[in-house]
Amino acid sequence: MSGVIAFCLLVCADILNLAVGYLTVAIEPLPPVVIGDTVTLKCTFRTDGNLREIVWFRVVDGGSAKQKIFTYDAMYNTNYSHMEDNRRRGDLVYQSTVRLPEVQMEDDGLYECHVGIYDRTSRDKVVLSAGSITLTVIVPPKSISVEAADSPAPFSRYEAQNFTLVCIVTGGKPAPMVYFKRDGELIEVVPSAPSPSLPGMESKVQGQGKSQGRAQAGLWSSQPLISRDLDDTKLQKSLSLLEQKGKPAQLGQDGPDAEQDGEQSLEPDPDPITEVIPETVVSREFPRWVQSTDPLYYFQHRRQVASDGTMEVRAMLTWSLNPQLDNEALFSCVVKHPALSMPMQAEVTLAAPRGPKLTMSPSKARVGDTVRITVQGFQLGSSANEVFPEPLFTWTKVGGHLLDGREEHDGRELVLERVPAELNGSMFRCTAQNPLGSTDTHTRLIVFENPRLKKGREHFIATDEACCHQLLGLTSMLLLLTFTELT
């Protein structure tokens, strides 16, 4: 009985289909499209009826509205330039296409193809069907840069410090994949605990077992160093600073006798490196830290949606800095994105300052002039001007305060306004430092006499003498007249 009922239903369906006609609509899927490319949307539909209309819509405002972008009406238009039809077993197969030249970000979204055919039972009725597709427009990153967090930062002579490189990638959609290399080799990283995992990003984690074992020691350990020594070029200065603070000046030994022996055995180099400019001396300072050659790198990334719909990604690489090992190390930030045919990258070389190169204006300072001493780069090495991270410059006057009474001044330029003759022969120290090292440059200020001021002084003295002579003459005349009246 059930078989008979099913057969009847199938027959009724066939009869209804013959009466009404059938219509199927499908849109060919599209891969993500790079901004600026030309896209063709294809809507294929099959029917055995007569075509009434084709309408393309773009869904806007989050799906609350539709924008009509193409219409074909069979009643008023016999142009088939947008359609192809083929007869197959009595069926009609149509393909309607819409071409979008140079797609932009605003073209991203949902598109619908609506097709209508006449009902076979009545020309006043239309059978409708629709298909949809989502067009995804991707945008390659516009810029990539590498910065040092908390820069400029001072040099730590006696304590290890954490160092963070920040890779900033802007203008991409979707968010790109970012990872770091050191000297061309992929860096094994450990995801930072505070950083949540974000879709669209990968951190290239390798060797998890080894990294987890090392992570127990932790980058944030309070004692990341095995041992360390002070730089012998700065030993005397370091001991004198400790003595001024009232602390025992010891270097691995106890007692004043041991201290004196250490001072005598570790004398600084009597021949400092000198600049070609006279009266200028350059000295460098590096700690001698003994640290693991296989540091633990922590990786963290954040992303934020910009106003134009693209993503800004900040990838951070943090480790315990070792100036002896990390100086001159090449770090690369590599970015992969589906809109790029090959990865893009930015590179920085960690480098300590190598002695500031100072210029003085005017070159021949006179009494009353405003003197500017400016850092114009660095002196030593082929890549002297390529110092990363950005150095911190500090100016001091040897043996006293600056002209305005301050002990020190920060910045690339020191300005001395209306220099007096008393500053002649004064020595000024410029200290350039970043987390990888510190260096000093001393320069002497020579102040010459100002002829204009000297001429003005002589004119004032001459005028003063003339006035005195006139006063003496008047006084003598008055005394003479008084004496005459009395007689």
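View 1. Lys-66 is partly exposed, with a relative accessible area of 47%, whereas Glu-112 is buried at 14%. Here buried denotes under 20% relative accessible area, exposed over 50%, and partly exposed the range in between, computed with a 1.4 Å probe on protein chains only. The model is predicted: local features need pLDDT of at least 70 and side-chain atom pairs count only at pLDDT 80 or more, while totals for chains, interfaces and linings use all residues. Residues are numbered from 1 along each chain as its sequence is written, and side-chain values use heavy atoms, with hydrogens and water left out. A salt bridge (a side-chain nitrogen of Lys or Arg within 4 Å of a carboxyl oxygen of Asp or Glu) joins Lys-66 to Glu-112, with the closest N and O atoms 2.8 Å apart. This pair links distant parts of the chain, since Lys-66 belongs to strand 5 (residues 65-73) and Glu-112 to strand 8 (residues 109-119), 46 residues apart. Helices (H or I, at least four residues) and strands (E, at least two) are DSSP runs, numbered from the N terminus.

**View 2. The salt bridge between Asp-108 and Lys-173.** These two side chains meet at 3.4 Å, N to O. Asp-108 lies in the loop between strand 7 (91-100) and strand 8, and Lys-173 in the loop between strand 12 (162-172) and strand 13 (177-182), so the pair ties together parts 65 residues apart in sequence. Asp-108 is partly exposed, with a relative accessible area of 28%.

**View 3. The salt bridge between Arg-182 and Asp-326.** The closest N and O atoms of this pair are 2.8 Å apart. Arg-182 lies in strand 13 and Asp-326 in helix 5 (residues 323-326), so parts 144 residues apart in sequence are tied together. Both Arg-182 and Asp-326 are buried. Salt bridges with shared partners join Arg-182, Asp-183 and Asp-326 into one network.
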